[in-house]
Amino acid sequence: MTTSISPAQAQIFPGKGLGFVTLGASLHNVLTRVKSYPQTYPAIDLAYSTADPLRKPVVLQLPSNGLRLRFDGPDQRLRLIEVLDFSRVNLVYKSQEVLKGVKSTEQSLSSHGPSFRHVYNRLFGPSYPGEYVPPADPQSPYGTYVLSYPGVAFSFPLQHSAWSDQCDFVALLSSSAALPATSMSIFQGSSWPEVRAKLFTQQAQYPRSSALIGKSRESLADEIEEWHVLGAGKLEVARRTSSPLYITLGETTPQDLIADFGPPDAIYRKNDRRISIHRATGPGDLHPSPSPGRGMDIPDADHSSTNSVTDDSDEEMATFNIGDPTSLPAECFLNYFHHGFDAFISYPTAPGPAFPASGLPDPSPQPASSQLTVTKIILHGNVPGSYPFNRHRRSRWLIHLDESGDCLTSESPYDEVSERLRATWKGSYTSAAEERALQRPMVLNRGWGDSPESSVEFLGGWEESTAKSTRSGADGQDGGLGNTELFGFPGLLFEVLKNGAVSCLTVY
């Protein structure tokens, strides 16, 4: 499939894509490429549900190009490509231009699109009968006839008074009762009626990144499908075509990570200690916590690509070779934007405890070592409307709470996550007061400072009633401050938006 992004022509690939846009591509992949060509795509409109951005579809509209792209909410993968204005994009199918080559005797083309005869005789050929949709407005004289081919469909306005189940649809659409096509859709499936009900839920055929199409497994790292958080510092990484990988915090090395996922897209050296005051007390402190979990033992949550070599740290990081783990600083983040995660590299520390009902043993204390290891994994939700939106592609995850397969998912509202985890860790704290203190939210603001891309400010803990009312705002917005809240459980740190969506999960 061509990867040309030129506006001169857009090749139609039924069931696959349009030009460089491929069905199954991630929202991050498509939006990043579109934004890199502002002269070609001067207007970009993104529509999503502020109340439920992870379950409802996300719609990317390019009005200057006559295109609308629909992505599913949970996985953010492209499911439907729609051409809404044929005059704004030069469509080509097998060297035949969609709006050219029509005989003068045929019904003239308008800005709406090609006639039925042109589609039927010159472009795609015979087809099974489509379906007629009566007008939604009783006063409208036109309904819509959807002519469907494998992977592509056209919508033609048809006079409602002319429609009959007994009519030959070819003769009917060739008559003056039908107008030129008003839209075209590209989808994965044998026909539009067959695929319509499962459009956003069926398994995507093509990968999230167009770079992986037609490439061997040896040339590029396989893409990640899902993360399984098993507890006790263990994670299973489900991949698209290869067998799963396993990461053990405190043991997996940067060399292991680069061998499995390729070189990182960026490296950021950690040097921000502004939240070290919030760490839990350690063995040498006057009042150590007796609980097995560390609650809000926050692992320096200025942790993601909000600080990366693409920002103010370019000069600072210029001496480090992204592909060479031996050149890494003692503590740094490896940013994998296209895989949807970051990894914190440091000297081994004991990860969080096992979930009580998981059947896994608690991790053993780590001996002192000079070997750098992965000590934290940060999974990014890429939630529309969040401050770091489109910095990473979306990562989906499952938290396995017990041996029966009981799980929390990346689409679970945080109120549900909190309730389930509170029940999981019930009895693990020395008192109700300690439990409340450790699970009290902190406010994270990403929108202040001279360098907004790398600014993280903590405003302190809020009372539970205040936090709850803030998260339940009807519009799901943050009033311009970019505030989110941080909630901690043993080995887990959740960054939560005010609509309850989990924007980021740190496993440590």
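**Core packing and salt bridges: exercises**

Leu18 is in contact (heavy atoms within 4.5 Å) with Ala10, Gln11, Ile12, Leu67, Ile81, Val83, Leu91 and Ile186, leaving aside residues up to four places away in sequence. The model is predicted: local features need pLDDT of at least 70, side-chain atom pairs count only at pLDDT 80 or more, and totals for chains, interfaces and linings use all residues. Residues are numbered from 1 along each chain as its sequence is written, and side-chain values use heavy atoms, without hydrogens and water.

**Exercise 1.** Identify the residues that touch the most other members of the largest nonpolar core.

*Solution.* A nonpolar core is a set of buried Ala, Val, Leu, Ile, Met, Phe, Trp, Tyr and Cys residues joined through side-chain atoms within 4.5 Å. Buried means under 20% relative accessible area, exposed over 50%, and partly exposed in between (1.4 Å probe, protein chains only).

**Exercise 2.** Characterise the salt bridge between Arg240 and Glu223.

*Solution.* A salt bridge requires a side-chain nitrogen of Lys or Arg within 4 Å of a carboxyl oxygen of Asp or Glu. Here the closest N and O atoms are 3.6 Å apart. Arg240 lies in the loop between β15 and β16, and Glu223 in the loop between α4 and β14, so the pair ties together parts 17 residues apart in sequence. Helices (H or I, at least four residues) and strands (E, at least two) are DSSP runs, numbered from the N terminus. Arg240 is partly exposed at 31% relative accessibility, whereas Glu223 is buried at 5%.
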